[in-house]
Amino acid sequence: MPLNWDLVGTGDSEALLRPRDIYAGLASRPWPYLRHEQGEVLDKWFDRREQRDVVIKQNTGGGKTAVGLLIAQSTLNENVGKAVYLTPDNYLAKQVREEAARLSIATTDDPYDPAFTTAQAVLVTNYQKLLNGRSAFGVVGDGKEPVDLGIVVVDDAHAALARTEDQFRLRVPASHKAYGKLLELFADDLRHQSANAWAGLEDKDPTALAPIPFWAWANKHDEVLKILRPHRTERAFEFVWPLLAEVLHLCTATATATAIEVRPSCPPIDRITSFVRARRRVYLTATLADDSALVTDFGADPALVAQPVTPGSAADLGERMILAPVALNPDLDDEAVRVLARQFADGDQDGDGIAETDPVNVVVLVPSERAAAAWTRHAHHIWRVDDLEAGVKKL
């Protein structure tokens, strides 16, 4: 009987489309099996994969990264198109690529990598790479051909919302010559609205805050355009201006002694064509309380957002509880809080000098070197952005 070469390699590949089966088929698996809740959400996503917007809610530590990567790989296997996995920053993007390596999933951090452009690898990068006025994926009006995407996985969607709003916000510092021109343009409007707020701006009071009346902004948007447009190629403007220029008249503006901030009520996400046209968009989150923000910020389908994918038991989903000791007890001062943190780390939970429990890790986040210096006497280690990875491993 002659060999029919037309039948070689045409076996059923349907099994490799299901994320569960993709994981089971890996030559080297980091865990013998997926966790139960991972398998649950992956199966539910697979059944709904034709829906353009899918929100997946899992508790912190529930393995969202692996879920997102397997979903991206499933989309590649189905030949739907290129896959992008977005994270809040480069540090987390590196962690995702390391997780992908353990899962034998090919990734890249370069949007021009042939492996990505030919849909053979998942592009893992930060939000800013996609969402900015000079996006490598193209922005409406920049002359670039938008990158056709099969799927965009948005990790930590709650963080993505804040980052997205930042990317669509133009800040004109007081040191910039456009600041004075704008302030002069709206001087009468601001003075009429609040003489006290205007006086604060004139005195350069750091607490002064004066919203520019929206009707004045709309009526004078042509003058605003003439003031701002000549600076569109400057560093402070170039990544935001292409996103706001066409909706400038719809923006709101606020003046302070240090800057004038211009922002749209809803980010015009349609300026990022690649994201808007992506066939599938998956939002991973553990703490997103108001899902409607995905509709206003990302243009997600409200009907689909209202049906998030969750594990069978989702009792541990929710927002973090944040306690502010000084706000709760005005008698405390900053040093008392530092002592409290050190005692807790040492296992002394009631402050009597005797450890009731084993020592635990306590992480303190501060905004500057000066703030970190205040913790020197109490901290075992002080880590900075450049050596953060080593600090996390030590923890």
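Tyr 85 sits in strand E2, which spans residues 82–87. The model is a predicted one. Tyr 85 is buried, because its relative accessible area is 0% and the cut-off for burial is under 20%.

Gln 58 is 27 residues from Tyr 85 along the chain, and the two C-alpha atoms are separated by 17 Å.

## The six-stranded sheet

E2 belongs to an open sheet of six strands. The order is E1-E10-E5-E2-E4-E3, and the pairing is parallel. Strands E1 (53–57) and E3 (107–108) stand at the edges. Each has a single partner strand, so one side of each lacks a neighbour in the sheet.

Strand E5 (residues 149–154) pairs with strand E10 (residues 280–285) over four bridges, in the parallel sense. Val 153 has Val 282 in E10 as its bridge partner. Helix H7 (residues 157–167) lies across E5 and E10. H7 runs at about 110° to E10.

## Positive phi in the loops

Two non-glycine residues stand out here. Asp 156 has a positive phi, near 50°. Its place is the loop between E5 and H7.

Ser 104 is not a glycine either, yet its phi is positive, about 60°. Ser 104 lies in the loop between helix H4 (90–102) and E3. With a relative accessible area of 48%, Ser 104 is partly exposed.

## The four-stranded sheet

A second open sheet has four strands in the order E6-E9-E8-E7, with antiparallel pairing. Strand E6 (170–173) and E7 are its edge strands, and each pairs on one side only. On average, neighbouring strands of this sheet are turned by 20° against each other, with direction ignored.

E8 pairs with strand E9 (residues 259–264) over five bridges, in the antiparallel sense. Ala 255 stands opposite Ile 260 in E9. Helix H8 lies across E6, E8 and E9. H8 runs at about 75° to E9.

## H8 against H12

H8 also packs on helix H12 (residues 221–228). The angle is about 165°, and the axes are 10 Å apart. The two helices are therefore roughly antiparallel, a label for angles over 145 degrees. H8 passes H12 in a right-handed crossing.

On the H8 side, the residues in this contact are Ala 178, Lys 181, Leu 182 and Leu 185. They meet Glu 223, Val 224, Ile 227 and Leu 228 in H12.

Helix H10 covers residues 195–202. Ala 197, Trp 198, Gly 200 and Leu 201 are buried in H10. Seen down the helix axis, the buried residues of H10 fall within an arc of 155°, so they line one face. An α-helix has 3.6 residues a turn, so residues three or four places apart point the same way. Ala 195, Asn 196 and Glu 202 lie on the other side of H10 and are exposed.

What do the buried residues of H10 pack against? Their partners are helix H8 (177–185), helix H9 (187–193), strand E7 (209–211) and strand E8 (251–256). H10 is followed by Lys 204, where phi is positive, near 55°.

Key
Residues numbered from 1 in each chain as written. Predicted model: local features only at pLDDT ≥ 70, side-chain atom pairs only at ≥ 80, totals over all residues. Heavy atoms only, no water. Buried < 20%, exposed > 50% of the residue type's maximum accessible area, 1.4 Å probe, protein only. Arc of directions from axis to C-beta. Contact = heavy atoms within 4.5 Å. Pairing = 2+ DSSP bridges. Axes fitted to C-alpha atoms, helices over the stretch in contact; angles between N-to-C directions. Parallel < 35°, antiparallel > 145°, perpendicular 65-115°, else oblique. Left-handed = near helix turned anticlockwise from the far one by under 90°.
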